[in-house]
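The points below follow the strands, the core and the charged pairs in turn.

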Amino acid sequence: NDNTGTKTASVTLGANDKLVVGSAGKFGAIGIGVSDLGNAAKVSVIAGAGLDLTVNGDLATGILASNTGNSSLDVTLTGGSIELTDANANGNSFGIRVFHTGGNGAVTVNTGTTTIGAVTAIDGDGINVVNTGTGLVTVNTGGAIKANKAVVGADGISITSAGGVTGKNDATVSGDPGIVINDNSAVGINWAVNANVDGAAGGVITKEDGTGATTVTVGAATTLIEGDSDGNKGATDYGVGMTATAGGNLTLTNTAGTATIQGASGIVASVTGGTGTIDINTKGQTKGSLGDGIKANTVNGKIDVTSSALVTAAAIGINANAAGNNIVNVNTVDITAGTGGVVATSQGGTVTVTDNGGGIVTTVGDGIFATSNGGAGNVTVIATANGNINTGGAGDQGVKISTNGTGNLTIDLDGAGNNKVVNVVSDDAAPPAIHTG
């Protein structure tokens with residue numbers, strides 16, 4: 001602890017250090033703790049390769065670091081392990097816990113290849129970072145992080161910041177949920193998922209309450225982002241869930257095509273305030289066991305959804321809804337869904353759905369339903385290859401497009417099969433042009 005005004009509080013360990021702290025039946029043990037006690041000191045914890053840290057008892061913490069103000073906070077590990085032996089499943093133990101209060105000091109956590117909870121899953125969060133200041137939080141992990149998925153709220157990685165978040169996981173993260181990031185800034189969130197995420201109540205969950213953009217990028221080494229590994233189909237057990245409440249843009253990129261994203265709903269992106277846009281581009285499979293495969297909602301922003309692999313869903317395959325006069329673009333290949341293949345809607349903006357082949361199969365509901373309510377937005381459905389659209393419900397249409405505005409309705413189907421079952425509806429007093437072919 002620094003309470004002398006020297007403005008530095010640090011712990012530096014060499015290689016192959018072994019620390020055992022606490023005992024069974026006791027509580028509150030801390031393996032390594034560094035604090036500035038309110039003097040705005042720079043705080044650092046540095047450990048060489050081969051760290052072997054074990055903390056026993058309830059309410060245990062492997063590494064605890066905290067400071068305030070404009071000074072930085074740095075936890076840098078090289079390799080080794082952090083293990084907690086908390087026998088009480090009450091969610092109060094932490095592998096690494098970091099607090100920064102006020103000011104603009106940056107917060108950095110680099111774990112190297114250090115594993116956290118690899119032998120005994122952490123009873124609380126594997127990594128927990130809270131930053132109430134305006135400094136950027138950077139978290140990079142390269143060793144497996146395992147929180148106890150049976151404990152509600154035991155996150156693999158949990159980050160809360162008021163100054164932006166950037167980072168990556170280069171090794172598997174598991175928890176309840178796997179990764180949770182909350183920010184309230186104009187800087188936003190930028191996270192790279194470079195290894196599998198195994199979540200019981202969500203895989204990767206982000207929320208931006210400021211105007212900053214959120215970008216989640218899925219790397220080629222990732223094969224699975226799981227949001228419902230316990231199979232209880234909780235309504236918010238998303239594979240990837242992204243929310244912006246103040247107009248920040250949301251971008252999800254999974255273009256390597258190696259990763260499946262799945263959960264009760266596969267991908268859910270929602271902008272609930274402002275003019276934020278949504279851009280989802282995935283070449284990997286997406287699965288929703290309870291809800292939609294891919295769902296995107298904005299209040300006044302453009303939506304682009306591109307899926308180049310199979311989408312399976314208990315409800316709608318791809319569901320894109322712009323509540324304003326905004327453009328909606330959906331590109332898809334294969335969909336197997338329970339209550340609708342593609343639903344794309346705008347309140348007066350241009351809506352375009354492109355089926356690039358494969359097939360759209362629904363138990364009930366239309367294969368493609370596209371509509372623009374009011375305004376001059378055109379509605380277009382294009383089939384670019386010989387795909388089939390098969391609907392199972394009585395009266396359901398392969399393709400159904402509609403408008404009650406002045407935009408054109410265009411259906412361009414060049415393939416053989418069932419995709420020529422078409423219903424076109426116009427409620428405008430002077431019906432817009434209708435093009436079919």
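**Notes on the model**

1. Strand β15 (residues 157-161) runs parallel to β18, and the two pair over 5 bridges. Strands here are DSSP runs of E with at least two residues, helices are runs of H or I with at least four, and both are numbered from the N terminus; two strands pair if DSSP finds at least two bridges between them. Within this pairing, T160 has N182 of β18 as its bridge partner.

2. This is a predicted model, in which local features need pLDDT of at least 70, side-chain atom pairs count only at pLDDT 80 or more, and totals for chains, interfaces and linings use all residues. Residues are numbered from 1 along each chain as its sequence is written, and side-chain values use heavy atoms, with hydrogens and water left out.

3. β18 also pairs with strand β21 (residues 204-208), again in the parallel sense and over 5 bridges. Here N182 stands opposite K207 of β21.

4. How enclosed is strand β18? Of its 5 residues (179-183), 4 are buried, so the strand is largely enclosed by the rest of the structure. Buried means under 20% relative accessible area, exposed over 50%, and partly exposed in between (1.4 Å probe, protein chains only).

5. The largest nonpolar core contains 84 residues, and V129, I159, L252 and I280 have the most contacts inside it. Its largest share, 4 residues, comes from strand β34 (residues 328-337). Such a core is a set of buried Ala, Val, Leu, Ile, Met, Phe, Trp, Tyr and Cys residues joined through side-chain atoms within 4.5 Å. In soluble globular proteins, nonpolar side chains tend to be buried together.

6. Leaving aside residues up to four places away in sequence, V129 touches V98, V107, V109, V137, V139, S158, I159 and T160. Contact means heavy atoms within 4.5 Å.

7. There are 4 salt bridges in the structure, each a side-chain nitrogen of Lys or Arg within 4 Å of a carboxyl oxygen of Asp or Glu. One of them joins K149 and D198 at 2.8 Å, N to O. This pair links distant parts of the chain, 49 residues apart: K149 is in the loop between β14 (145-146) and β15, and D198 is in strand β20 (residues 197-199). K149 is partly exposed at 30% relative accessible area, and D198 is partly exposed at 24%.

8. Another salt bridge connects D170 and K168, with the closest N and O atoms 3.3 Å apart. D170 is partly exposed at 37% relative accessibility, and K168 is partly exposed at 31%.
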